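Have the structure open while you read.

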Amino acid sequence: MIRQLSYAIILTLGLAASALAQSPSADQVANGKTLFDDNCSACHLATGAGHVKFGTVVSADLRAPRLENTFHNDDTLLMRAIMQAEDQNGKPLSAPMSAWSGRLTTDQVEDIIAYLKTLTS
Ligand code: HEC
């Protein structure tokens, strides 16, 4: 009984660890694309290439490798950029880029980030 229980625990831990290490699923990327198309593409273009002018502000190119380089390959910083509208140094991004916290969940933004990583320049 104890042996079976420990096998079960080891199996569960192993599955959890492999889920964490895995790259995003196709479902996550597909969901990220839908969310991006609905919420972001108006300003960043469907390709993610950006460069749309809003007065003196220009929307960012969200494709790889530029985006990951800017945010030091750190998804936490990228999450903060989208949720709080802060750049890689924590300074506010310019309008019309706004904070998505309260409008999108962390899970949804994770999916958007997974999708952005599939876009290349
Ligand atoms: C109303 C237009 C608009 C919408 C909608 C918008 N953005 Fe932006 N975004 C911008 C502009 C303009 C900038 C550049 C701001 C600056 O230079 O300070 C920007 C900057 C960013 C940056 C910072 C990139 C960098 O290299 O500094 C990220 C990340 C980003 N947007 C992601 C998103 C995501 C994801 C969405 C959708 C959930 C989104 N944006 C929706 C206009 C928009």
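Tyr115 is buried, with a relative accessible area of 7%, and Phe36 is buried too, at 0%. Buried here means under 20% relative accessible area, taken with a 1.4 Å probe on protein chains only. This is a predicted model, where local features need pLDDT of at least 70, side-chain atom pairs count only at pLDDT 80 or more, and totals for chains, interfaces and linings use all residues. Residues are numbered from 1 along each chain as its sequence is written, and side-chain values use heavy atoms, with hydrogens and water left out.

Rings of Phe, Tyr and Trp (its six-membered ring) pair if their centres lie within 6.5 Å; planes under 30 degrees apart are stacked, over 60 edge-to-face, the rest tilted. That rule gives one aromatic pair. The ring centres of Phe36 and Tyr115 are 5.8 Å apart with planes at 50 degrees, so the pair is tilted. Phe36 belongs to helix α2 (residues 26-39) and Tyr115 to helix α6 (residues 106-116), so the pair ties together parts 79 residues apart in sequence. Helices are DSSP runs (H or I, at least four residues), numbered from the N terminus.

Now the ligand. Of the 21 residues around the ligand, Cys40, Cys43, His44, Ser94 and Met97 come nearest; a residue counts as near if one of its heavy atoms lies within 4 Å. The polar contacts below are pairs of N or O atoms within 3.5 Å.

| Residue atom | Ligand atom | Distance |
|---|---|---|
| His44, polar side-chain atom | nitrogen | 2.8 Å |
| Arg66, side-chain N or O | oxygen | 2.9 Å |
| Ser94, backbone N or O | oxygen | 2.7 Å |

Terms used
Polar contact = N/O pair within 3.5 Å; in protein donor to acceptor, adjacent residues only side chain to side chain. Helix = DSSP H or I, 4+ residues; strand = E, 2+ residues; numbered from the N terminus. Buried < 20%, exposed > 50% of the residue type's maximum accessible area, 1.4 Å probe, protein only.
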